[in-house]
Amino acid sequence: MIRKTVVAALSAACALSAGSALAAPTEITMWHAMANTLGDWVADVTKQYNESQNECRLVSTYKGSYDQTMTSGIAAHRAGRSPNILQVFEVGTATMMFSKGAVVPVGDLMEKAGYEFHPEEYIPAVLGYYSTPDGRMMSYPFNSSTTVLYLNLTKFKNAGLPTETDKLPRTWKQIEEAARALKKAGEACPMTTSWMGWAQLESFSTWHNVEYATLNNGFGGTAARLKIDSPLHQRHIENLERMAKEGLFVYKGRGNQADATFYSGECAINMGSSGTLANIRRNAKFEYMTMPLPYYDDVADAPLNTAIGGASLWAMAGKPDAQNRCVASFFHFLSDPKIQAENHMRTGYLPVTQKAFEIAKESGYYEKNPGADVAVKQMLKVTEKSRGIRLGYLPNIRTIIDEEFEKIWSGQASAKDAIAAVMRRGNEQLARFERVTR
């Protein structure tokens, strides 16, 4: 009788334990910087992953802008309270790579959890940017983007400009001609740009196959210094300065503030992230087209490829094995080419792998959405100079660029003086980064 009671009790305990395990999967957390339309996307991806299996539960939390999310994540790591996954924008890559003991390389994480991971399947610019010199990928590419050109075709028509794809502007000379026609037609904001430092200096450099910084833009080590005082960079910023004085270029603020002025219909031309496409689709009440970033056609080798943007997911160190297995499980879920293609088609971010690109192509997505493949095509050719920009304290340097270049647009400084100030202040940041990582 006693034996039966013990057996019954053990059976009940086992049943309760099994039930508890089913009711309480291992919880992992992800901090991200996706708001509005893209926030909805992250919420849906989180839900999709949680419904795909029973062992893990992902909780994704919006932590503010890219800068705020990265700062919060680093502070939380120092306090021993970091999330399992931290979304970090591409300019924070060098900082994360040199944060000793803060992260677990994605390849190591996947291998330990028993998942196959194939970095070579990623498109060249993505693989090159998030990998160490020996080819080890450090973070998981989640929402990779690049800079593209957006045109309001309705405004082009009203200004008497052609709207056929093969007649749309591709060079900076043609952009200026279009802006001049738009101004003549009464447009108060013919052209603007988002992300001044990224679009007009970083991507501008890789697009023209010239260095933004020494040592192959920082990939060769922390002793890199800025090179944005080259004749080509000077020429470009001086052209923007002149266009601003003529009312052809209108500065609309830092970061992605200019994006809203495009999809609201205020500005006719904008240069910004390919990831803006989701918001344009939701908000624009006009015809539009995505085009490659403009280039100077008298520069040898141009155009080449634009700089990578967006963000990647970093697995934070110091977590239990069970949680790390769930992080690997989530990355494995995201590695499905069908999932990658769905994310690309929904958001405008890159498909990140060649397989995902092929799935999107075979679905007819690019035929139904002309210009949606521009971002991908811009990222297929890579040289040492155009691999990307991977410098320490790059977010600080972008802020310095905004501060000094705003003096150009307000007439307080010349392009030449502003660039000189960026060189001095930016190189001070790089020297400091070299010291702290030595």
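**Exercise 1. Work out which helices and strands line the largest pocket, and what kinds of residue they bring.**

Step 1. Start with the elements: α2 (36–52), α3 (66–78), α9, α12 (257–263), β9 (308–316) and α19 (394–409) each give at least two residues to the lining of the largest pocket. Here helices (H or I, at least four residues) and strands (E, at least two) are DSSP runs, numbered from the N terminus. The model is predicted, so local features need pLDDT of at least 70 and side-chain atom pairs count only at pLDDT 80 or more, while totals for chains, interfaces and linings use all residues. Residues are numbered from 1 along each chain as its sequence is written, and side-chain values use heavy atoms, with hydrogens and water left out.

Step 2. Now the space itself. The largest pocket has a volume of about 780 Å³. On a 1 Å grid over the protein atoms alone, a pocket is an open set of points with protein on both sides within 12 Å along at least five of seven lines, a cavity is a set of points where a 1.4 Å probe fits but cannot get out, and lining residues have an atom within 4 Å of a point. Grid points are joined across faces, edges and corners, and a volume is the space filled by probe spheres set on the points.

Step 3. Find the centre. Among the 34 lining residues, Tyr66, Trp195, Gly255, Asn256 and Asp259 are the closest to the centre of the largest pocket.

Step 4. Sort the lining of the largest pocket by class: 14 residues are nonpolar, 15 polar and 5 charged. Ala, Val, Leu, Ile, Met, Phe, Trp, Tyr, Cys and Pro count as nonpolar, Asp, Glu, Lys and Arg as charged, and the others, Gly among them, as polar.

Step 5. Take another look at Trp195. Trp195 sits in the loop between β6 (191–193) and α9, and has a positive phi of about 45 degrees although it is not a glycine.

**Exercise 2. Describe the second largest pocket and find the element that gives the largest share of its lining.**

Step 1. The volume of the second largest pocket is about 500 Å³.

Step 2. Its lining has 22 residues, with Met70, Ile74, Arg78, Thr95 and Ser99 nearest the centre.

Step 3. At least two lining residues come from each of α3, α4 (93–97), α19 and α20 (415–437). The largest share, 6 residues, belongs to α3.

Step 4. By class, the lining of the second largest pocket holds 11 nonpolar, 6 polar and 5 charged residues.

**Exercise 3. Determine how α11 packs against α9 and against α20.**

Step 1. The axes of α9 (residues 196–207) and α11 (residues 231–245) come within 11 Å and cross at roughly 140 degrees. Axes are lines fitted to C-alpha atoms, for helices over the stretch in contact, and angles run from 0 to 180 degrees between N-to-C directions.

Step 2. α9 and α11 are therefore oblique to each other. Angles under 35 degrees count as roughly parallel, over 145 as roughly antiparallel, 65 to 115 as roughly perpendicular and the rest as oblique.

Step 3. List the contact, meaning heavy atoms within 4.5 Å. Gln200, Leu201, Phe204 and Ser205 of α9 meet Leu232, His233, His236, Ile237 and Leu240 of α11. This contact has 5 nonpolar, 4 polar and no charged residues.

Step 4. Turn to α20: α11 and α20 pack at about 130 degrees, with axes 9 Å apart. That angle makes α11 oblique to α20. From α11 come His233, Gln234, Ile237, Glu238 and Glu241, and from α20 come Ala415, Lys416 and Ile419. By class, the α11 and α20 contact has 3 nonpolar, 2 polar and 3 charged residues.
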